[in-house]
Amino acid sequence: MAEMGSKGVTAGKIASNVQKKLTRAQEKVLQKLGKADETKDEQFEQCVQNFNKQLNEGTRLQKDLRTYLASVKAMHEASRKLNECLQEVYEPDWPGRDEANKIAENNDLLWMDYHQKLVDQALLTMDTYLGQFPDIKSRIAKRGRKLVDYDSARHHYESLQVAKKKDEVKIAKAEEELIKAQKVFEEMNVDLQEELPSLWNSRVGFYVNTFQSIAGLEENFHKEMSKLNQNLHDVLVSLEKQHGSNTFMVKAQPRKKTKLFSRLRRKKNSDNASAKGNKSPSPPPDSSPAATPEIRVNHDPEPASAATPGAALPKSPSQPAEASEVAGGTQPAAGAQEPGESAASEAASNSLPAVVVETFSAAVNGTVEGGDGTVRLDLPPGFMFKVQAQHDYTATDTDELQLKAGDVVLVIPFQNPEEQDEGWLMGVKESDWNQHKDLEKCRGVFPENFTERVQ
């Protein structure tokens with residue numbers, strides 16, 4: 001009998017809940033269609049909006065705080081591995097080994113303490129703060145359902161009162177249900193009306209305490225970490241003083257040892273031998289050094305007579321006799337162009353980048369400009385920029401430049417870009433260029449990482 005009674009109670013409760021849901025659904029439909037009025041409380045609705053905003057902000061803060069803690073943990077792990085690496089490379093006979101190991105241990109403890117305090121003073125407080133929102137959220141939802149029940153009971157009671165055939169029993173029962181629904185709704189409504197504004201105002205103090213805790217913990221952590229870093233710095237300075245004679249050598253990138261100039265010289269010699277056997281010389285191949293004629297420009301002011309078309313430029317007394325010659329021939333008059341020059345210009349345009357061709361053309365015409373806008377006539381053809389040697393470099397092949405720290409090198413393009421190795425540049429030392437003005441004798445390759453660009 002007890003079981004049957006229990007089942008009956010359960011079945012009755014289920015039926016009651018189903019009936020309530022149907023009644024609420026019907027009431028909401030009527031309210032949306034405008035056939036039934038809805039009780040409104042604008043002040044409470046504003047409190048609900050504030051509640052939802054506060055919940056979203058708190059959830060985001062919790063998520064970002066967990067991300068921050070994960071980052072602290074990752075930094076702890078990275079710092080620990082870095083210190084382990086230092087301990088492994090720190091040889092036993094080096095001074096300060098014990099101090100370095102002790103610093104590494106304190107570093108690890110400091111990271112662990114910082115992470116744990118962040119969890120205790122920030123994350124757990126954050127979790128407690130957000131823990132009150134689910135209950136209030138469910139109460140707000142329940143208050144909304146009770147408001148629908150109250151409106152439904154009110155409408156039912158009013159409809160019975162205006163009916164043509166009044167049933168006093170039904171009216172009395174409807175009035176009783178209305179009073180009951182109103183009482184339940186008002187009790188929940190009053191409690192929430194008091195709690196929601198209080199919860200909204202509490203956010204200020206919570207944010208202040210949370211971020212003050214995080215800022216204070218981070219400040220102390222960095223102070224203690226700074227002391228450890230200073231101690232480690234002192235240990236390494238002491239190690240450096242006792243082993244200061246062992247300097248770190250900068251090494252150049254390995255080359256493929258193409259012996260560029262050796263091949264070019266052999267090719268040039270074979271071209272010259274062919275030219276001697278044939279009285280009518282043909283233009284040199286595009287890939288040969290002669291395809292890019294060496295242009296020498298007179299530094300002396302041009303006399304008035306040299307402005308006349310067809311007049312030859314006078315030679316400077318300080319230059320060698322061949323300074324005004326192009327690839328072993330006499331410089332042609334202005335406006336004239338030798339066949340070799342035409343082939344050289346075409347080859348330069350085809351094998352070099354546009355900016356190099358433009359610079360090369362400007363150098364040929366004597367119109368290379370410096371950074372201040374002045375015309376510079378003392379640079380090698382195709383000059384791109386200057387670098388300064390930061391370390392000494394000992395040449396290991398005949399086509400390499402011998403550098404001393406402080407040497408300035410004028411960088412020029414490779415005649416054949418395919419000959420350039422990664423990490424190597426072509427150039428001529430500025431001092432050699434100013435003295436000889438001869439690319440064939442002075443130019444060479446050098447490692448780029450031994451130099452620094454200055455212009």
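At 45% relative accessibility, E219 counts as partly exposed; the class lies between buried (under 20% relative accessible area) and exposed (over 50%), with a 1.4 Å probe and protein chains only. The model is predicted: local features need pLDDT of at least 70, side-chain atom pairs count only at pLDDT 80 or more, and totals for chains, interfaces and linings use all residues. Residues are numbered from 1 along each chain as its sequence is written, and side-chain values use heavy atoms, without hydrogens or water.

E219 forms a salt bridge with K223, at 3.6 Å from N to O. The criterion is a side-chain nitrogen of Lys or Arg within 4 Å of a carboxyl oxygen of Asp or Glu. K223 is partly exposed, with a relative accessible area of 47%. Helices (H or I, at least four residues) and strands (E, at least two) are DSSP runs, numbered from the N terminus.

The whole structure holds 15 salt bridges. In one of them, R80 and E77 meet at 2.3 Å, N to O. These residues lie three apart in helix α2, about one helical turn. R80 is partly exposed at 27% relative accessibility, and E77 is partly exposed at 33%. A network of salt bridges links E77, R80, K81 and E84.

R143 pairs with D41, the closest N and O atoms being 3.9 Å apart. R143 lies in helix α4 and D41 in the loop between α1 (2–32) and α2, so the pair ties together parts that are 102 residues apart in sequence. R143 is buried, at a relative accessible area of 4%. D41 is partly exposed, at 24%.

Helix α4 (residues 133–161) also contains K142. K142 is partly exposed, with a relative accessible area of 38%. Its C-alpha atom is 9.1 Å from that of F185, a residue 43 positions away along the chain.

In soluble globular proteins, nonpolar side chains tend to be buried together. Here the largest nonpolar core has 37 residues. Such a core is a set of buried Ala, Val, Leu, Ile, Met, Phe, Trp, Tyr and Cys residues joined through side-chain atoms within 4.5 Å. Those with the most contacts inside this core are F51, L118, M126, F133, I136, I140 and L196. Helices α2 (42–89), α3 (97–131), α4 and α5 (168–242) each give two or more residues to it. Beyond its neighbours within four places in sequence, F133 is in contact (heavy atoms within 4.5 Å) with F51, Q54, L55 and L199. Another core, of 23 residues, lies apart from the largest one; L401, V409, V428 and C442 are among its members.

Five strands form an open antiparallel sheet in the order β6-β5-β4-β3-β7. Strands pair if DSSP finds at least two bridges between them. β6 and β7 (451–453) stand at the edges, each with a single partner strand, so one side of each is left without a neighbour in the sheet. Neighbouring strands are turned by 50° against each other on average, direction ignored; axes are lines fitted to C-alpha atoms, and angles run from 0 to 180 degrees between N-to-C directions.

Strands β5 (residues 424–429) and β6 pair over four bridges. In β6, P447 is the bridge partner of W424, and V445 that of M426. G444 and F446 point one way from β6 (residues 444–447), V445 and P447 the other, and all are buried.

Strand β5 also holds K429. K429 is buried yet has no salt bridge; D407, the nearest side chain of opposite charge, is 4.0 Å away. Lys and Arg count as positive and Asp and Glu as negative, with His and the chain ends not counted. Residues up to four places away in sequence aside, K429 touches L401, Q402, L403, D407, V408 and V409.
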